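This report describes selected features of a predicted model. The sequence and structure are shown below.

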Amino acid sequence: MVRPLIILFLLGALQGAVGWIMVMSGLTGDAIYVQPTKLALHFVFALVLIVYTFWVGLQLSERTHEQRPVEGPADIPERSEGYERSGPWRSRPNEVLSGSSVRGLAGMPGAATLRKWTVAILCVLFFQLLYGALMAGHKAANVAPTWPTINGDWVPPGLFAHRSLFEALAGDKIAVQFIHRTLAYCLLIMVLVWTVKAARLPAAPDFFRPLRWLPVLLIGTQILLGIGCLLTSPWIRPQHWVSFDWLAQFHQVTGLLFLLTMIGMLYLVLPHR
């Protein structure tokens, strides 16, 4: 546990440092809000911290499941070939502890394809969450409070027509919302494909059968909450908690749950952990 705890400490310290940088960006001149890009950076580091914490928790949980109570006569030797005994518990054979997972899916037919789709979804999800933070930082929901079009257009006119690519990608509210919407549709399609492949996985373990429907349920809920945020954004009232604020909070929480769900799926399909 020494190395994971050191990494967790360093990630926590880094998150605090980035948080202070973000706060400082809102204390300069006549600024009343923090800079959206620094808010997004702070958010990304928070996600890295919680994902790593979750990953370590999964590893510890697997080690716990690999323990089995001692069975047999009381005169079993304290240490025998392939086994180690500590108190009333005996670990499983050393080859189990060396990396293969009792509950994993890596060795099953079709698991390699599922692993590729899981990695692809996580890559797109990273940018989607990043643009979600930019949406919040720019308060970009009410610049186009319509759906399915963006103020009557499928592709906003003059998109990316700024002086620099970075300003167009991270500084233009309409562009940020357009990218955020597009990535959401891409994720929905990818998760649907992932679900079909997971449902067709032959001889799937009992514990995995209900879990494979969780990603599509979460991404569907997430998209509906996002649409609700857009449609209720014209009624935002400063210093008042309205329906938009409730939807926005649930939108963020559901996004985090979806991320952790896909991290858990990645853990299940990796061949070595």
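In this predicted model, the lining of the largest pocket comprises 26 nonpolar, 15 polar and 4 charged residues. The lining numbers 45 residues, and Gly 132, Met 135, Ala 136, Ala 248 and Gln 252 are those nearest the pocket centre. The volume of this largest pocket is about 1300 Å³. At least two lining residues come from each of the helices H2 (36–65), H4 (111–138), H6 (173–199), H8 (214–232) and H9 (243–269).

Two of these helices, H6 and H8, also pack against each other, at an angle of about 160 degrees and with 9 Å between their axes. H6 is therefore roughly antiparallel to H8, since angles over 145 degrees are counted as such. The crossing of H6 past H8 is left-handed. On the H6 side, the contact is formed by Gln 177, Arg 181, Ala 184, Leu 187, Leu 188, Val 191, Leu 192, Trp 194 and Thr 195, while H8 contributes Pro 215, Val 216, Ile 219, Ile 223 and Leu 230. By class, the residues of this contact are 11 nonpolar, 2 polar and 1 charged.

The loop between H4 and helix H5 (165–170) contains Pro 148, and Lys 139 lies in the loop between H4 and H5 as well. The peptide bond joining Trp 147 and Pro 148 is cis. Lys 139 is not a glycine, yet has a positive phi. The backbone angles are listed below.

| Site | Backbone angle |
|---|---|
| Trp 147 and Pro 148 | omega about 10 degrees |
| Lys 139 | phi about 55 degrees |

Note on methods:
Residues numbered from 1 in each chain as written. Predicted model: local features only at pLDDT ≥ 70, side-chain atom pairs only at ≥ 80, totals over all residues. Heavy atoms only, no water. 1 Å grid on protein atoms, 1.4 Å probe; cavity = no way out; pocket = protein on both sides within 12 Å on 5 of 7 lines; lining within 4 Å. Points joined across faces, edges and corners; volume = space filled by probe spheres on them. Helix = DSSP H or I, 4+ residues; strand = E, 2+ residues; numbered from the N terminus. Nonpolar A, V, L, I, M, F, W, Y, C, P; charged D, E, K, R; others polar. Axes fitted to C-alpha atoms, helices over the stretch in contact; angles between N-to-C directions. Parallel < 35°, antiparallel > 145°, perpendicular 65-115°, else oblique. Left-handed = near helix turned anticlockwise from the far one by under 90°. Contact = heavy atoms within 4.5 Å.
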